[in-house]
Amino acid sequence: MIITKKRDFKELMENVKNYRNFFLIGCSECATLCGTGGEPELKAMKEALEAEGKSVTGTFVAKTGCQVLGTKVELKPFKEALDKTDCIIVMSCGAGTQTAVDLYEDKAVFASNDSLFLGNMTRLQFFDERCSLCGKCILDKTGGICPITACPKGLLNGPCGGCKDGHCEISPDIKCAWVRIYERMKKLDKLQELCEVTLEAKDWSASQKPRTLVAREEKKK
Amino acid sequence: MSFKEILNSGKFVVTAEVGPPKGTDIKEMLHHMEILKGKVDAVNVTDNQSAVMRICSMAVSKTAIDKGLEPIFQMTCRDRNRIGLQSDLLGASILGIKNVLCMTGDHVSAGDHKGAKPVYDVESVQLLKIVDGLNNGKDMSGNELKGSTGFFQGAVVTPEANPIEPQLIKFEKKVRAGAKFFQTQAIYDIEKFKEFMKHARKFPVKILAGFVVLKSAGMANFLNNNVPGIRVPQVLIDELKAAGKEKALDTGMNITARHIKQLKDEKICDGVHIMAIGMEDKVPLIMERAGLL
């Protein structure tokens with residue numbers, strides 16, 4: 001999921017100081033799990049805005065806020081509340097925020113969260129980055145652990161000299177990705193493969209931005 | 001004779017280090033070069049060491065040549081992508097730089113520009129392959145070069161890494177990628193280093209053992225606690241303590257000299273790399289005590 005973190009409320013207020021009437025959009029997926037854009041957070045935001053003398057014309061938690069057409073349909077019943085607002089605050093990720101930008105060309109849209117990374121929830125609201133969305137997966141070569149993400153240097157052929165007692169030079173809280181890969185490959189009895197294969201420099205063209213994908217097959221006329 | 005020729009001749013080589021300063025005042029650096037000139041076989045020129053921004057290693061390598069020293073141009077993958085690295089390698093080549101040491105490089109979080117974007121487009125093993133390619137007239141994309149490079153390329157290894165196995169796997173990958181010589185992280189335990197050498201001797205590469213002079217027992221403890229891959233045995237810490245504050249540095253120099261002499265006398269490795277870290281003026285004295293001058 002996309003991991004988000006609430007932005008400083010004062011900073012947000014500074015950004016929206018010239019607006020009066022607000023509509024809040026959350027998301028039932030990642031932002032709800034992150035505690036940044038579910039029902040309770042929308043309610044708290046509404047109260048905080050009202051305490052600042054602002055008016056909130058409506059709130060809505062989208063099913064999947066990054067799904068543009070679905071969100072558009074879901075928001076139809078809120079037309080009246082949206083007409084009365086001059087500013088939308090989106091309480092999900094950067095993608096969800098830009099859904100609102102797409103749908104409401106003439107309204108100001110602000111994000112209440114910073115979008116951090118694609119992560120796994122390991123315990124309630126504990127998140128770890130596992131995948132960098134690099135566009136060309138190498139997990140099959142590294143025992144299923146991604147060094148591009150788990151190693152701060154994204155090294156592809158083993159640990160650097162900064163590995164100290166199995167931990168990373170940038171923080172003792174990070175276990176060295178290559179020690180993890182080594183241990184896992186050992187368990188899988190694949191150490192020989194690890195020794196023999198030198199991974200080539202990565203082709204970063206697969207992560208050339210902005211990326212688009214058409215996954216459906218066009219119907220033949 | 002060039003560093004490569006000396007190393008291949010079987011002579012026990014000595015390399016030292018020149019750290020480019022932060023700023024354009026190079027008086028002290030030139031003084032260090034003067035001290036090392038004619039004494040050591042080559043000098044490593046560090047590349048924004050510890051991710052602290054300084055004069056680039058290429059310019060200082062060229063300065064070393066002009067001053068009559070043979071540089072080992074250290075190149076990390078932290079600050080340049082594959083285009084920058086290859087371009088700098090070609091540039092270094094036309095400046096007469098013959099040796100290159102390929103390293104990953106300390107992370108930017110260790111340095112003085114913590115908000116910098118770390119590059120690591122390629123890493124040390126791949127950089128060695130790049131150098132091998134340029135030496136054979138091809139860039140990384142396989143394009144023909146108009147004139148190839150002739151680098152003598154090396155890499156680094158940490159003989160006392162914990163755990164050691166992943167480090168040894170990477171060492172072998174570096175050998176296969178074309179590394180001709182290795183300079184090691186600082187070592188303090190000769191018996192343990194011998195174990196590493198038993199493994200390293202299976203490969204056709206030259207090994208230079210790394211040395212950092214201990215200035216005090218406190219420094220030894222600091223290294224043990226903070227620097228990856230360094231392990232100062234308690235017996236050496238006790239020796240420094242026993243020497244007292246006044247004599248600690250002298251004792252540290254004696255320890256280094258004693259270790260270097262043992263490596264040479266017992267033909268354990270092919271040479272040593274002395275990282276003086278600000279005490280370049282002491283290098284000749286250490287060499288003298290080790291019987292190398």
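## Helix α7 of chain B

The buried residues of α7(B) pack against β7 (206–212) of chain B. Contact here has a simple rule: two residues touch if their C-beta atoms, placed from the backbone, lie within 7 Å. Helices (H or I, at least four residues) and strands (E, at least two) are DSSP runs, numbered from the N terminus. This is a predicted model, in which local features need pLDDT of at least 70 and side-chain atom pairs count only at pLDDT 80 or more, while totals for chains, interfaces and linings use all residues. Residues are numbered from 1 along each chain as its sequence is written, and chains are lettered from A and ligands numbered from 1 in the order in which they are written.

Which residues of helix α7 (residues 190–200) of chain B are buried? They are F193(B), F196(B) and A200(B). Seen down the axis of α7(B), these buried residues fall within an arc of 55° (taken from the directions from the helix axis to the C-beta atoms), so they line one face of the helix. A residue is buried if 20 or more other C-beta atoms lie within 10 Å of its own, exposed if 12 or fewer, and partly exposed in between. The face turned away from the buried side of α7(B) carries the exposed residues E191(B) and K198(B).

## Two helix pairs in chain B

Two packed helices are described by the angle between their axes and the distance between the axes. Axes are lines fitted to C-alpha atoms, for helices over the stretch in contact, and angles run from 0 to 180 degrees between N-to-C directions. α5(B) and α6(B) pack at about 10°, with their axes 9 Å apart. That makes α5(B) roughly parallel to α6(B); angles under 35 degrees count as roughly parallel, over 145 as roughly antiparallel, 65 to 115 as roughly perpendicular and the rest as oblique. On the α5(B) side, S124(B), V125(B) and L128(B) meet K170(B), K173(B) and K174(B) of α6(B).

Now look at helix α8 (residues 217–226) and helix α9 (residues 234–265) of chain B, which pack at about 140° with their axes 8 Å apart. That makes α8(B) oblique to α9(B). From α8(B) come A217(B), A220(B) and N221(B), and from α9(B) come L236(B), I237(B), L240(B), K241(B) and A248(B).

## Where the chains meet

How many residues does each chain give to the contact? Chain B gives 29 residues and chain A gives 24 residues. On the side of chain B that touches chain A, the elements giving two or more residues are α5 (124–135) and α6 (165–176) of chain B. The largest share, 8 residues, comes from α6(B).

D66(B) sits in helix α3 (residues 57–66) of chain B. This residue, D66(B), is exposed, with 11 other C-beta atoms within 10 Å. The C-alpha atoms of D66(B) and G96(B) are separated by 10.0 Å, and the two residues are 30 residues apart along the chain.

In chain A, F110(A) belongs to strand β5 (residues 108–111). With 17 C-beta neighbours inside 10 Å, F110(A) counts as partly exposed. Leaving aside neighbours within four places in sequence, F110(A) is in contact with L12(A), N15(A), V16(A), C87(A) and I89(A).
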